[in-house]
Amino acid sequence: MSQHTVNSTPEYPVSTDWWRDAVIYQVYPRSFADADGDGMGDLKGIRSRLPYLSDLGIDAVWLSPFYKSPQADAGYDVADYRTVDPMFGDLADAEHLIRDAHDLGLRIIIDVVPNHVSDQHAWFQQALGAGPGSPLRKRFHFQPGRGPNGERPPNDWESIFGGSAWSRVTEPDGSPGEWYLHLFAPEQPDLNWDHPAVDDEFRSTLRFWLDRGIDGFRVDVAHGLVKAQGLPDIGSRDQLKLLGNDTMPFFDQDGVHEIYRGWRTVLDEYGSERIFVAEAWTPTVERTALYVRPDELHQAFNFHYLSAYWDSDELKDVIDSSLQAMRPVGAPTTWVLSNHDVTRHTTRFANPAGLGTQIGAAGDARIGLRRARAAVLLMLALPGSAYLFQGEELGLPDVVSLPDEARQDPSFHRADGQDGLRDGCRVPLPWAVDGPSCGFGPAGSWLPQPADWGSLSVEAQQERADSTLELYRMALALRRQHPALGAGDRIEWLDAPQGVLAFRRSAGDGQELVCTANTTGEPVRIGRHGRIKLASTADAVQIGSNHAWLPSDSTIWWV
Ligand code: GLC
């Protein structure tokens, strides 16, 4: 790195909290690695691939749910929070996985799903059997219906997966009875967080896993636990369009924060190294910041960043507003480009702007990959923590050609085939060029892999200097060598032509890094910023004594 120092660049102390600048890799257990050959990934499979994750250069792994579940929503419908689903292994496998990860210096974050349980959870089964008015129903939102015979749902809320957010039960005596709330699938009844038993149960579950050495929890639907008093109607508006943009009576209610303040005291009993990360879709970055106040959760995914397109103005706005919103609460920003709920960013950026995060079209794959490689170098030059979604290091696109009969996303069936697009990012990983499931396991895979999947595999990309996998490895190695890169909460913007982002970061020890991202489809001339340390493209970069030509859709780290 350059020894040249510019006095206007402040030096930030390198943080001692590991999570403030950590790069955390999401493993989606069904689709990562299958050890037993049933076509479904499992904990032994993940364990066998830990050395790969360690070599990649990440700090921690977040595992999506592997608990006992009927799998109505790929494990986000939990029937027992303290049992491993036999499909994934058993508790001993989980313990071995945690131990092996720790031996390699990797931390393990697991999912906790507090907004709802599976309809097969003992509590819900007891509530159904106990009948109307029973205290056992008070742990959920059971209500009589509207209309003369209670035949209409108690309010107009719609499920995120389509249709009404209420389902009617048949009472033990066989009569049509009360309705229960489910913001997601009918197999996922919402818990009533006003009931003290609910919080007690979750605190005890947190301890169960903390006692097994877990380093943190990703809190599923963290913004959903508290519902507005009286469960008021929303009115005749397009509810799906309001999600994430507007205040909803079931999302981002102020009452959720008290729950997290309580949870934080539980976590802190286990020292200062364990963390919570919130999945909280909120209307503004300022609302997101409330979840990471000093006595609440540690991180919250920056979905405003994830939702931004590959566009310099949009990106600059969201970077600035996010850093600014987090500053007063003293939390880092948690950048993320992809996860198991959205179209992979390779495919989002292959399509035109304005389509959102759920896209069923392949677009221009070459441009998409080029932009995705540029986007990750931009993200990893920003201060704060960053999450990666399994397979993005291979540049995987979304699989948009899945046959309908293969799709398992519950929203596909609930929304008359209009949705269900989340399966496309969940197709099992290709590890090898050949083999029945490209090295995913000894047999097939639960979602069909495309014919050319093997050409994107780890085997095909490793040690190939221009591969996306090696780009990730190099970028992550540089972040490790220069921890100051992820530290602090400020960046120094530099003048740049339209369509280009340019900023300077301290790289520690008086060294600096300039990151330039050209979001346009044309080469752009800029002033020269030193020499190239890492580039997202193998294209030759023309460099003069005072200027450089940035290739189209590319990011360069200069030192
Ligand atoms: C979260 C999960 C998603 C799941 C939903 C319901 O948004 O990330 O996959 O469907 O919660 O649990």
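This is a predicted model: local features need pLDDT of at least 70, side-chain atom pairs count only at pLDDT 80 or more; totals for chains, interfaces and linings use all residues.
Two strands count as paired if DSSP finds at least two bridges between them.

Strand E8 comprises residues 176-181, and two bridges join E8 to E6, the two running antiparallel.

Another open sheet has five strands. Their order is E14-E15-E16-E20-E18, and the pairing is again antiparallel. Which strands stand at the edges of this sheet? They are strand E14 (492-493) and strand E18 (532-535). Each has a single partner strand, so one side of E14 and one side of E18 are left without a neighbour in the sheet. For E14, pairing with strand E15 (residues 500-508) is in the antiparallel sense and extends over two bridges. Glu492 has Arg504 in E15 as its bridge partner.

The ligand is the next stop. Where does the ligand sit? It is found in the largest pocket. There are 14 residues around the ligand, and those that come nearest are Asp73, His116, Asp220, Glu279 and Asp341. Sorted by class, the shell around the ligand consists of seven charged, four nonpolar and three polar residues.

Three of these side chains can be examined through their distances to oxygen atoms of the ligand. For Asp341, an N or O atom of the side chain is 2.4 Å from a ligand oxygen atom. In the case of Glu279, the distance from a side-chain N or O atom to an oxygen atom of the ligand is 2.7 Å. His116 has a polar side-chain atom that lies 2.8 Å from an oxygen atom of the ligand. A polar contact requires a pair of N or O atoms within 3.5 Å, so the pairs at 2.4 Å, 2.7 Å and 2.8 Å count as such contacts.

How much of the ligand's exposed area does the protein bury? Taken alone, the ligand exposes 310 Å², and the protein buries 96% of that area.

Note on methods: Residues are numbered from 1 along each chain as its sequence is written. Side-chain values use heavy atoms; hydrogens and water are left out. A residue is near a molecule or strand if one of its heavy atoms lies within 4 Å of it. A polar contact is a pair of N or O atoms within 3.5 Å; within protein, one must be able to donate a hydrogen and the other to accept it, and residues adjacent in sequence count only if both atoms are side-chain atoms. Accessible areas come from the Shrake-Rupley method with a 1.4 Å probe; for residues, only the protein chains shown count as cover. On a 1 Å grid over the protein atoms alone, a cavity is a set of points where a 1.4 Å probe fits but cannot get out, and a pocket is an open set with protein on both sides within 12 Å along at least five of seven lines; lining residues have an atom within 4 Å of a point. A molecule sits in a cavity or pocket if more than half of its atoms lie within 2 Å of its grid points. Ala, Val, Leu, Ile, Met, Phe, Trp, Tyr, Cys and Pro count as nonpolar, Asp, Glu, Lys and Arg as charged, and the others, Gly among them, as polar. Helices (H or I, at least four residues) and strands (E, at least two) are DSSP runs, numbered from the N terminus.
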